[in-house]
Amino acid sequence: MTNEEIIINGLKRPYIHSVFDLVKITHLSKNTIINVLNKLEDEGVIYANDTHKLFYIKLVGKIQLKSQGFGFIKVEDSDKEYHVNEFDTHGALNGDTVSFYVLPSVKESNLDSAVVIDIIEHNNKFVYGLLCKKINKKGTSYFIASYDSNFNMKAQVSEKNLNGAIEGNIVAAEILEYNSSKKVTCTISRVLGYKDDPGVEIALIAEKYGFHTEFSEQTMQEIKDIPNSIDPNDFKDRKDYTNLKAITIDGKDSKDFDDAVYVERIKEGFRLYVLIADVSYYVREGSSLNADAYLRGTSVYLADRVIPMLPQKLSNGICSLNEGEYRLVNVCEMDIDLSGKLINYELHEGIMKSAHRMTYEDVNKMFNGDISLQEKYADIYPMLNDMLECSNLIRTMRYKKGAIDFDTAEYKVTLDSNGDPIEFNLRTRDKAELMIEDFMLKANETVAYHLNISNLPCLYRVHEEPDDERVNDVFNLINNLTGHKVKMPKNKVLPKDIQKAMELVKEESCYMAVNTLMLRAMKKARYSEESLGHYGLALHYYCHFTSPIRRYPDLIVHRILKALVFHPDKFEYEMHNFERFIHEAGIDTSSQERKSIDCEREVDDMLAAKFMQNHIGESYTGVIDSITSFGMFVMLDNGIEGLIHVTRMFERYNLNEKLMQLESRSNTFKIGQKVDIVCTDVDIKERKIDFMLKEDYEKEVKVNG
């Protein structure tokens, strides 16, 4: 080991920061250590304080600031987070990439503390908010009141940079100059509407994350040449699936249909056909249409609207497997035996015509005995029953392998004509939803398997092993909350171990809360050129193949199949192209996916706050789904979550970290416990909802008269 490595390893140890400390633990001479430290500082590996007496490993990460001033720094490709107090941010703004060093943990967060050294790159390129005008003795000036509570800048706009915007507009403004940590100069790039326009808040959030409804002019010109119907010349060299009564099954509000299914009985069990829209036939590499799709990376679903990856002419038209229309498809045929095992498969380019546009609601009604619907769809009802049997076999096999079924609750928001939320409802996963999920998972696995064993490139969907310590924390919580005995395996934690633990608490009141905590203990799934397996699904091979209308990674997989499997006439050239491109594509598409998730989550949080603003003072019953040192989060039946802060509780409560519960002299609150609450305050800008325990609220009302 070199002297540099010895000293770097020394500085990574807690409380080792001085030359004196390093002499004691490394046994190197003082002069050697000083020379190495100076070299490492020049190379940017370490940071030295102003007096050059203390030295720290220099790290780089992104800072996320809270409205209270403090924040957290996360290092890319790591689950490690560091707490930063407001005095140690050194002018960094929300989302900035910063260099920093680490101090011992702070008690209130149980995270290591970080101190920002330098701002490497400002993340925020735009300010979003309300354009305001100010008139005084100096004249007229304009500024933007930011709608982002974590980026509360004084954003000035000169009159020449208004670009047609007027006072009262909701705008997106590009930052021209960072004048200070609290002041920027901007030019307005887009007007989104007025403050009271229906849905303008949603448009503003989408804009903030970079998701635009408009496509480039060049793209709109290109799609004029794309036909509205299939040319018979396109049938050439494709397998004909038009004789199959293939159907689409989607939600009743769906407008684009990129997958169709068909099942038939065979001697060994079932033959499952998964037919996927051949988007790659129309979205060609090198086109403006392709560039726009790549930049978006995904379609984004926001309450009452979709910001599509592709223009509607494709997503709802020529690429969508609309009922009764000829469509080009890429098909995965799979033979499934009666044990649920894949025994054979084929991949083809094809042509199809959807027999029916089915909805989950109607298929579930048929499965539950709706005779009128069974008669209406008599031509496919027997096949639907075969589908259900086939999917049960596939799911049972997946369960035997150890797949974890995280029961994530999803909620649908209903808006009125003004864009205001009027209802939150739980989305159900009934037989039809699970059936289609089973079929899509199987097709995705099969395509990934084929590309892997063929030694061909693939953009895999990977989900790596979780951190054992975080899983162990959830196991201990299960033991403490329920009395069940869940033991941590001596070696690594297998998906089967987590599956068994979750099954133990399935009927417990804390199940959904534990489910959420276990999900948080998992690593985030991402796209990669390496086949690292999918931990949650307990699969060795997995990719995304089944949704090319709304996900760019699926489009990449289709292109690989076309160029290297279906039409390998330029094999070496195409192979080189994909190998060169696929690593970067994995990084970019993973990043866009995270942005879309954050965008959808922020819209939901905003709408939840807006909804509860009209219900302040009303009582509800909810379940405690998270407990911290500063309070407990309570989830209502409609999926809306609020915080009961410890300062709004009449008794003094302390956090018992081992049992993850709040304790006072006379009372205890645990995860999964039902509580009666009152909504007391809402801050739409901060996306915050405050609750109080009903009994405390009534005491407060009585005290205040």
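Start with the surface display: the accessible surface of the protein chain is about 35000 Å², and 48% of that belongs to carbon and sulfur atoms. These areas come from the Shrake-Rupley method with a 1.4 Å probe; for residues, only the protein chains shown count as cover. Keep in mind that this is a predicted model, where local features need pLDDT of at least 70, side-chain atom pairs count only at pLDDT 80 or more, and totals for chains, interfaces and linings use all residues. Residues are numbered from 1 along each chain as its sequence is written, and side-chain values use heavy atoms, with hydrogens and water left out.

**Stop 1: the whole chain**

Switch to a cartoon and zoom out. You will see 17 helices and 33 strands; helices (H or I, at least four residues) and strands (E, at least two) are DSSP runs, numbered from the N terminus. The radius of gyration is 28 Å, close to the 27 Å from the globule rule for 705 residues, so the protein chain is as compact as a globular protein of that length. Here the radius is taken over C-alpha atoms, and the rule is 2.2 Å times the number of residues to the power 0.38. Along the principal axes, the C-alpha atoms fill a box of roughly 80 × 70 × 70 Å. Of the 705 residues, 49% count as buried (under 20% relative accessible area; exposed is over 50%, partly exposed in between, with a 1.4 Å probe and protein chains only).

**Stop 2: two hairpins in a row**

Select residues 619-628 and 631-636. These are strand 26 and strand 27, which pair in the antiparallel sense over six bridges; pairing requires that DSSP finds at least two bridges between two strands. Two residues lie between them in this hairpin. Click Ile624 to find its bridge partner in strand 27, Val634.

Met632 has Ile644 of strand 28 as its bridge partner.

**Stop 3: Glu641**

Pick Glu641, which sits in strand 28. Is Glu641 buried, exposed or partly exposed? At 33% relative accessibility, Glu641 counts as partly exposed. Beyond its neighbours within four places in sequence, Glu641 is in contact (heavy atoms within 4.5 Å) with Asp625, Phe633, Val634, Met635, Ile689 and Phe691. Finally, draw a distance line to Ala609: the two C-alpha atoms are 9.3 Å apart, with 32 residues separating Glu641 and Ala609 along the chain.
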